[in-house]
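Student: Could you walk me through this structure? I'm new to it and would like to go slowly.
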Amino acid sequence: MYLHLGQNTVISTNDIIGVFDLDNTTVSRHTRNYLSKAEKEKKVVNVSMELPKSFIVCENKEEKVYISQLNPATLLKRFSSNKDGGFKF
């Protein structure tokens with residue numbers, strides 16, 4: 001199954017480790033350090049043309065962090081309504 005993150009970016013749901021709300025999680029110093037380290041290592045993919053609301057941690061062959069303008073609740077709805085394996089835009 002696949003999940004559309006915005007800006008023509010689609011990822012496999014099998015690769016998702018977690019979906020996180022940027023407002024709530026970046027309060028933690030550990031999360032800020034993690035995102036900063038990922039950015040320095042060129043693992044961050046920004047798929048947001050607007051104010052980012054979430055980040056999605058994925059691992060296929062290597063770990064990637066996607067920054068999305070969609071909030072986590074929207075991504076969860078897309079995932080839940082996409083059980084048939086098709087695309088949800």
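Tutor: What follows is a short talk about a few residues in this predicted model.

Tutor: Local features need pLDDT of at least 70, side-chain atom pairs count only at pLDDT 80 or more, and totals for chains, interfaces and linings use all residues. Residues are numbered from 1 along each chain as its sequence is written, and side-chain values use heavy atoms, leaving out hydrogens and water.

Student: Where is Ser12 found?
Tutor: Ser12 belongs to strand β2, residues 9-12 (strands are DSSP runs of E, at least two residues, numbered from the N terminus).

Student: And is Ser12 buried or exposed?
Tutor: Ser12 has a relative accessible area of 16%, so Ser12 is buried (buried is under 20%, exposed over 50% and partly exposed in between, with a 1.4 Å probe and protein chains only).

Student: Which residues is Ser12 in contact with?
Tutor: If its neighbours within four places in sequence are set aside, Ser12 is in contact with Met1 and Tyr2, where contact means heavy atoms within 4.5 Å.

Student: New topic: how many salt bridges does the structure hold?
Tutor: There is one salt bridge, and it joins the side chains of Lys43 and Glu41 at 3.1 Å, N to O (a side-chain nitrogen of Lys or Arg within 4 Å of a carboxyl oxygen of Asp or Glu). Lys43 is partly exposed at 24%, and Glu41 is partly exposed at 38%.

Student: What about the loop with Gln7?
Tutor: Gln7 lies between β1 (2-6) and β2, with a positive phi near 50° although Gln7 is not glycine, and Gln7 is partly exposed at 40%.

Notes. Helices (H or I, at least four residues) and strands (E, at least two) are DSSP runs, numbered from the N terminus.
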